[in-house]
Amino acid sequence: MILHRICLIWCVINCSNLHQAIHPRASEGGNNWNCQAEITESQLADLIRDNKGRDSRMDGSGIIASAATGAMGSLLAKLASLLESNYHQMQSGTRREVAFLRDELSSMNALLERLDNADSSGAPPLDPQTREWRGQVREMSYDIEECVDDYTDHLRCRQRRDFPPGGSGGVLGFVLGYVQTVREMVSRRGIAEQIQELKARVVEAGHRRKRYKIDDAAAGSSGSSGVVPVDRRLPALYADLGGLVGVNGPRDELVRLVDDGEERRMKVVSVVGAGGLGKTTVANQVYRNVGDRFDCRCFVSLSQNPDIGMVFRTMLSQLKKDECEVSGSGDKEQLINELRDFLQDKRYIVVIDDIWTSQAWKIIKCALPENICGSRIIVTTRIGTVAKSCSSPDYDLVYELKTLSHGDSKMLFFRRIFGSEDKCPHNLKEVSTEIVSKCGGLPLAIITMASLLTTKSVGTEEWMKVRDSIGSGLEKNSDVEEMNMILSLSYNDLPSHLRTCLLYMSMFPEDHEINRNFLVRRWIAEGFIKVSGCRNLEEEGECYFNELINRSLVQPVDFQYDGRVYACRVHDMILDLIISKAVEDNFVTVVSDRRHILCPQSKVRRLSFDNPSVENLTAHSMSVAHVRSLNIFKYSEQMPPLSNFRALRVLDLDGNENLESCYLEDIGKLFQLRYLRIRASNITLPRQLGELQLLVILDLLNCSHISELPASIVELPHLKWLIVNRVTLPNGIGNMQALEFLSLTVVDYTTPVTVLKELGSLKKLRTLGLDWRISSSHKDKIEYADNFVSSLGKLGSSNLQYLTLISPWSLDFLLESWSPPPHHLQELAIKGWSVSKIPVWMASLANLTYLDIEVQVRQETIHLLGAFPALQFLKLYSNAADPKERCLVVSKNGFRCLKKFNFVHWVNLLFLEGAVPVLETLEFQIIVHEVQTASRFGPPDLGIRHLSALKNLVVNIYCECARVEGVEALEAAIQVAASMLPNNPTLTLRRFREPEMLTDDAG
């Protein structure tokens, strides 16, 4: 009681002083970010929600961050949100300052975009002064956004203190709240001081902008310099054939396409490949080889922004070299008419080298008449879509130039340095081979590295340094700079958002295979993607990914059934280029043993720890308070604690077997975190996971020991992707209305039925993976099943597109009861237990392209599946459903869209003519003694000869109870049938149960 009175008296005495200390300018409209005492809980909640909602939703309405403009996109949205909302707690002076910041930064953002366009337009590079100003403004945008975020975090903490869920907590709670308020006074004053400091920086940046005439620099860089640079392709045009390696094969193939001797109509052959791959060299060799067979010829090279008039005059000069002088004047229309008139009745060959846009081709094509004299055009480009738009539509004439083989790469490398491999010193052979491997078959890279090494001594140490520098962005040499200038043409031709996405890939280790979906989610979390049209964020991100592949800047390494690239890799030379650019712009910092230490002088924004040693971590300590993205590819106890990364938005702990749960203890303090991915085997998730209110993506797929999620996960209102591996869900899943991806979750006897009920309320859910472990003998099986069927029906009527169901028990109850049918469904996998039959309603799924199912296959099953209108991938697995059906027939017009078919069944298949017309990959099994019994005379006819589109054929041959000669005869028949197919498919024959074949002695 006495303590109670003392506390009350003390509080009354100090109340007025406290209010004045916290609000020193409450009556004069000062410059502090203050909150009035009378603010209500709802007003405070609105402020927090609106201020964080601009970029936490990640709806793709705008780009949040980029390499060109820093955090301007996100920052301007947040400042606009503060001004648009009616915040009673914002002082009038503060409002004026926020408006000033918004207007000034908006103008600077527009200038940054202009500078970015000028820097990538092929014009002379920006002067150092302009580049320095641009870098300072970008850094300033990050700092101001962090200050705004600090303010939001401060408000969030106040909301929890002033309006706790359980009430005020009595006298003790009042006193503790008072003490906490005093503590926060310093924090509020700190924020106010930061705002004043940042405002001064903005004002000074504006003054420098005028003083250094940055706007004039942007305008000047976007125009022509008037100086025509030296064409870096000239050496390829005059290369001596004797010094070329690996050219003969591509040259001869292109000669065959160009000079077929029969076709009189004009043909356009496109050659596509990455920069530095040798397209100009190969095209020139073809030009030299066949040029004399034509009436006239010309070879012209284009720039990224070609002067079409000059191109036409060059063409006329070469085509009419022996006839007359070419006029230096004339508009485009006059030049086009002159070219058409001259070429109309002639057999000509024209090479258009290094074309960048379809629009440029459309104009040039106007000058090249489509006569019937056997004329030919060769176009080279780095861009796949441009190659397709240029090539003749009636022919498949896009030739993709490949990298050199390892043998040809070594030959070119050693010939450039020593004359031949035999003359290479023994101590340099191993490191030379490693350098050649790092060049990845890119001729330009091989020649560049060889030229660089000619300046080095023959000591192993110097050559090893060169080897280690590849992919680090560190090696500087005139030859390396020349190579980077050529590769930079492709980089500079990218739009700004794609340059940002490509630079971001410098965070990944050398030769790292990058999964498409994983990379797209990272881009989304970073705020690099802006949706267009009716696409969602993932679809737009995949378009970005495909465009980088289309422009030959990343290499595809794995494909899906539908031809989409599943994973990619960055070529070491491209990695070298983007690392140098990322470091120059302070976009990415890499700490690595193999890539050395790349630590800029300014604040670190995106940090990648790529297997660093303890010495590197200790010797190169850095401030991590401003790091927004963190990759740790191998955990070390010397890593800075997570509490130091207070600005973190993206956290990826990849391949960290030694990661311990204690490292995650402070994860709840990362209030700005949008993305969390953990790959570790022995961790548990902290209960504070629910504190990450802005979290959008949680990837725990490779955390094998996590079997349940903390209950607080249902408190994450913005979570869209929950990627897990067989975990149970807590009650309250229905609160996660933003959820779009949920896989793979477990439903077993510990799962509350309410979880299944709530599942159906997730209207935005597009992907669901579920492991059903409720046995038919479970006492509540009917209640579980009914709720599951009901929820799937609701999800199927909403947005469900991808569904995976795994169960050791039958799921017939689900397929038979599912109503209405999930018409949005695109991919369906049912594994673990064979269903009795395919439900008839499944044939009505017009969007279903992928089906992986265990079912009792009958002939009627094949007929039903063959009628699916959009099916591209089918995997069937089953034991025989009917002993009488030993051969299933795929009839004419069956499976019209199927591209990949995997059939695992104890019966044989027969393909009739006209079946599976676009099938590219087929894997099935043959039971030899069964087909021999059925055919009786000679090898069996499986109908393989009818599969005209086939590219890959895998046949699993079961030899049990068959004779050796019968197996060999069957294999020979398959080989003959495959060899007659037009695409010459890759054939793989696998024998099973060979020891159980019958010998000649067997009866």
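The legends below describe several close-up views of one predicted model.

Because this is a predicted model, local features need pLDDT of at least 70 and side-chain atom pairs count only at pLDDT 80 or more, whereas totals for chains, interfaces and linings use all residues. Residues are numbered from 1 along each chain as its sequence is written, and side-chain values use heavy atoms, with hydrogens and water left out.

**Figure 1. The whole protein chain, with its confidence.** The protein chain contains 30 helices and 28 strands, where helices (H or I, at least four residues) and strands (E, at least two) are DSSP runs numbered from the N terminus. Of its 1003 residues, 53% count as buried, a word used here for under 20% relative accessible area, with exposed meaning over 50% and partly exposed in between (1.4 Å probe, protein chains only). The mean pLDDT, which is the predictor's confidence in each residue from 0 to 100, is 81 for the protein chain, and 80% of the residues reach 70 or more. Over residues 168-176 the pLDDT stays under 50, and the model has six contacts for this stretch beyond four places in sequence, a contact being heavy atoms within 4.5 Å.

**Figure 2. Helix α16 and its surroundings.** In helix α16 (residues 429-438), the buried residues are V431, S432, I435, V436 and K438. Seen down the axis of α16, these buried residues fall within an arc of 160 degrees, so they line one face of the helix; the arc is that of the directions from the helix axis to the C-beta atoms. Among the elements that cover them are α15 (406-417), α17 (443-453), α18 (460-469) and α23 (572-584). After α16 comes G440, whose phi is positive, near 60 degrees.

**Figure 3. The open sheet of β6, β8 and β7.** Three strands, in the order β6-β8-β7, form an open sheet with antiparallel pairing, and two strands are said to pair if DSSP finds at least two bridges between them. Strands β6 (514-515) and β7 (555-559) stand at the edges with a single partner strand each, so one side of each is left without a neighbour in the sheet. Two bridges join β6 to strand β8 (residues 565-569), and I514 has C568 as its bridge partner in β8.

**Figure 4. Strand β9 beside strand β11.** Both faces of strand β9 (residues 589-592) are covered, with T589 and V591 buried on one side and V590 and S592 buried on the other. Strand β9 pairs with strand β11 (residues 606-610) in the parallel sense over four bridges, and D610 in β11 is the bridge partner of S592.

**Figure 5. The loop that holds E740.** Residue E740 lies in the loop between β16 (721-727) and β17 (741-747), and E740 is buried, with a relative accessible area of 16%. Leaving aside residues up to four places away in sequence, E740 touches K720, K764, L765, R766 and T767.

**Figure 6. Two backbone details.** Most residues other than glycine have a negative phi, and most peptide bonds are trans. A cis peptide bond joins S743 and L744, with omega about 0 degrees, and L744 lies in strand β17. Although V916 is not a glycine, it has a positive phi of about 35 degrees; V916 lies in the loop between β25 (908-911) and β26 (921-927) and counts as buried at 2% relative accessibility.
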